[in-house]
Amino acid sequence: MSVSTLKSLLREHGRDPLFAVYLLFVATVSLAIPPLFSVRGIAVQVADLFLVVAFVLWTYRWIRRTTSLAPDRLMWATGVYVLVLAFSLALAPSPSLGRALKLGAYALFLCLPLLSERILTNSARLRLAVHAWLFGVAVTVSIGTLGYVGFYVDREHLGQALVCSLYGGVPSGPYPRLCAPFRYPNLLSNYLATALPLLLACGPKLWGRWSTIVFGVLGAWVAVFTLGAGAGAVAIGGAIALVGANRLSARPSRGLNALIIASTVLFSSALTVASLAS
């Protein structure tokens with residue numbers, strides 16, 4: 001997609017406050033450090049505020065009857081699940097406000113697919129949302145790469161700020177363990193396990209082939225140095241995206257698919273053995 005087309009879509013759809021806030025949430029969901037503030041021990045990041053504002057705006061529109069609720073099976077299933085959790089919390093031996101706040105935050109993310117379905121009502125909005133997500137991926141990968149470089153170039157300052165010294169069973173040694181912009185390495189690897197396959201699937205058409213290759217390679221490197229099991233999920237998700245793209249191409253190659261699958265199996269097996277050995 002050209003820059004002019006992107007600007008045109010933003011001018012057309014970005015005037016909607018609800019959609020604009022939703023795009024901000026999608027773009028900043030990975031920016032967990034530093035947290036803005038904490039409530040009852042719960043760290044609040046900037047994306048959390050955007051998500052709350054998005055739900056408030058949509059609720060206001062529903063009250064004003066400018067949008068419809070349109071219940072479906074997903075909504076009923078989500079509602080029943082949240083009610084069961086709330087009932088369990090109410091019957092807990094020591095219910096607390098902190099636990100109720102955690103349940104409320106969890107419920108917002110459970111309802112996120114419902115909100116997304118009601119905001120992304122056409123292909124143009126979906127395309128802009130993917131752009132916002134890929135922008136967040138680029139920022140996340142850039143911060144992770146900066147942390148890796150900082151570990152060797154400026155370990156006491158930049159490296160210390162962007163690298164997790166110890167969390168979980170794998171400590172940092174003469175190599176960095178990356179976590180920024182998240183607080184924990186496994187959160188970063190889990191994010192990349194979703195982000196990089198989407199980058200490989202949508203990046204070539206939206207951002208161009210070379211931008212996709214650069215951020216894809218850097219993202220895979222960052223995922224490896226989270227030293228988490230999620231790096232294997234990154235490889236599997238990336239393989240699925242690449243195989244799918246090959247099958248949809250004008251000249252699909254069975255040999256290339258076999259090579260991708262074999263490489264993924266070997267890489268995931270090596271990570272598994274390394275994790276067990278540590």
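Residues are taken as buried under 20% relative accessible area, as exposed over 50%, and as partly exposed in between. In this predicted model, Cys111 has a relative accessibility of 23% and therefore counts as partly exposed. A search of the whole structure for disulfides returned zero.

The largest nonpolar core comprises 42 residues, of which Leu115, Trp133, Val137, Leu178, Tyr191 and Leu192 touch the most other members. Two or more residues are given to this core by each of the helices H2 (17-28), H3 (46-63), H6 (112-119), H7 (123-153), H9 (185-206) and H10 (209-224), and the largest share, 10 residues, comes from H7.

Leu178, one of the core residues that touch the most other members, was considered with residues up to four places away in sequence left out of the count; on that basis Leu178 touches Gly144, Gly147, Tyr148, Val163, Pro185, Leu188, Val222, Phe225 and Thr226.

Helix H6, to which Leu115 belongs, is mostly covered, with six of its eight residues buried. These buried residues are Leu112, Leu114, Leu115, Ser116, Arg118 and Ile119, and as a group they pack against H2, H3, helix H4 (73-90), helix H5 (97-110) and H7.

Technical notes:
Residues numbered from 1 in each chain as written. Predicted model: local features only at pLDDT ≥ 70, side-chain atom pairs only at ≥ 80, totals over all residues. Heavy atoms only, no water. Disulfide = S-S within 2.5 Å. Buried < 20%, exposed > 50% of the residue type's maximum accessible area, 1.4 Å probe, protein only. Core = buried A, V, L, I, M, F, W, Y, C linked by side-chain atoms within 4.5 Å. Helix = DSSP H or I, 4+ residues; strand = E, 2+ residues; numbered from the N terminus. Contact = heavy atoms within 4.5 Å.
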